[in-house]
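Student: I have a protein chain open on my screen, and I would like to talk it through. May we begin with the whole and then turn to single residues?

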Amino acid sequence: MSARAPATGPATAPRPVDSGLVARTREIPDPGDLLARLPDPAPLIWLHHGDGLVGWGEAARVAVPPGDDRDAAAHDLLAATVAGARVDDPLRLPGTGLVAFGALTFDRRAAGSVLVVPRVVLGRRDGRAWLTTITGPGDPDPGDPLTEGPTAPLRPTTVAGWRDGTLPPEEWGRRVARAVRAMRGGAYDKVVLARDLYARTTEPIDARVVAGRLAERYPDCYTYACDGLIGATPELLIRRFGRRLSSLVLAGSAPRGADTAEDDALGAELMSSAKNVEEHGYAAESARASLAPLCASITCDDTPFLLKVANIQHLATRIAGELADDLSSLDVAAALHPTAAVGGTPTDVAVQAIRDLEGMDRGRYAGPVGWVDGRGNGEWGIALRGAQLVDGPDGPGARLFAGAGIVAGSDPATELAEVDMKFRVVRNALD
């Protein structure tokens, strides 16, 4: 990763935090199902159509402090970790060598942002596969992790009960109505409001089981897991391979139909919906405007297209660009976040409205989640359609999140139905 500062500026001068890290990568034959290789019920995952990265163990953990300079601190801490490592990587592909998985909080002022360097990373892309082992000072030789087999058998769980989170549905609907009144009064143009929902399970949740169900049911989405945050997001915040950037912006949603005719009708209605087109326009423009200053060239779809996944269809816009400077994928993700797809417009006013109206700490919901390697390559999604696994005083379970974009033409009942539809992704994966 480059030691250049992100757009927000450096927090401190980078210095090695663990000069004993050693990363060794070798090419391997196709390992088959990457999820089936995971020996740990708390893995690190980034998969799309079966390809990507999985990791387990912790060679290093970087806790990123909260605050308005959170993104600069994340840059500096990761740069220091990379600078202090020794890397043997003959492949030099995106995702080889030293890799950190990350999950950042939606609100920069909230605690909980983390970067995790695994002990083992298994990757596959474009017909090539590799294994990386990462050791710290005093760690034993890892041997061959692929010959040892799973150390913890898969552990399916049973949902013992559900309960509302911070706000019951009726009160959340009233908060949506308040936001609509504020927008009609000119306070802001769009705000994304979320709800939470709790599942209590009979025993701690095995993330491998949930990830396997999500990856099978939603192959077009990005299945992710990092530090107990797990889900399947349709939205690629940023991919940075070399100097090339790409992003997929989603905003405006409709359910899938029971048959082709109904599905096409719902899609056509979505494409012609003034409310959804307005909501999507804010999101696409905010992403384009955030990326443009970082790029030597940039292209953006003139009009949105329909992206259909298993249970929902979205208005989507593709953005591509060429980096003007050597910023890492983490830096670019930080510069993009939060887009209007998960925050609102104008950004600062909408984020404050979220704090005022939701009444909860979102944690990492709707924050950047993904991975970055030592050369700055990486992929970051927006942590949607997901849950944070918990094991608290009430026992084990998960805290689910889902949200909806609110504009002046929004109807609270319709938005509540959209949120309930989005909850089903993880609800069904847990049940």
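**From the whole chain to single residues**

Tutor: Please note that this is a predicted model. In the chain, 76% of the contacts with a separation of 6 or more are between residues 24 or more positions apart.

Student: What does the secondary structure come to?

Tutor: The chain has nine helices and 23 strands.

Student: How many of the residues are buried?

Tutor: Buried residues make up 57% of the 431. The accessible surface of the chain is about 16600 Å², and carbon and sulfur atoms account for 51% of that surface.

Student: What about charges: how many positive and negative side chains are there?

Tutor: There are 46 positive and 57 negative side chains. The centres of these two sets lie 1 Å apart.

Student: Now a single residue. Where is Thr105?

Tutor: Thr105 sits in the loop that runs between strand 6 (99-103) and strand 7 (114-117).

Student: Is Thr105 buried or exposed, and why?

Tutor: Thr105 counts as buried because its relative accessibility is 1%, and the cut-off for buried is under 20%.

Student: Which residue does its side chain make a polar contact with?

Tutor: The side chain of Thr105 makes a polar contact with the side chain of Arg70, at 3.0 Å. Beyond its neighbours within four places in sequence, Thr105 is also in contact with other residues, including His337, Gly363 and Pro368.

Student: Let us change topic. How many residues of helix 7 are buried?

Tutor: Seven of the eight residues in helix 7 (residues 329-336) are buried. Among them are Ser329, Asp331 and Leu336.

Student: What happens at the start of helix 7?

Tutor: There, a side-chain oxygen of Ser328 comes to within 3.2 Å of the backbone nitrogen of Leu330.

Student: Which residues does Lys422 touch?

Tutor: Leaving out residues up to four places away in sequence, Lys422 touches Ser253, Ile312, Arg385, Ala402, Gly403 and Ala404.

Methods. Residues are numbered from 1 along each chain as its sequence is written. This is a predicted model: local features need pLDDT of at least 70, side-chain atom pairs count only at pLDDT 80 or more; totals for chains, interfaces and linings use all residues. Side-chain values use heavy atoms; hydrogens and water are left out. Helices (H or I, at least four residues) and strands (E, at least two) are DSSP runs, numbered from the N terminus. Buried means under 20% relative accessible area, exposed over 50%, partly exposed in between (1.4 Å probe, protein chains only). Contact means heavy atoms within 4.5 Å. Accessible areas come from the Shrake-Rupley method with a 1.4 Å probe; for residues, only the protein chains shown count as cover. Lys and Arg count as positive and Asp and Glu as negative; His and the chain ends are not counted. The place of a charge is taken as NZ of Lys, CZ of Arg, CG of Asp or CD of Glu. A polar contact is a pair of N or O atoms within 3.5 Å; within protein, one must be able to donate a hydrogen and the other to accept it, and residues adjacent in sequence count only if both atoms are side-chain atoms.
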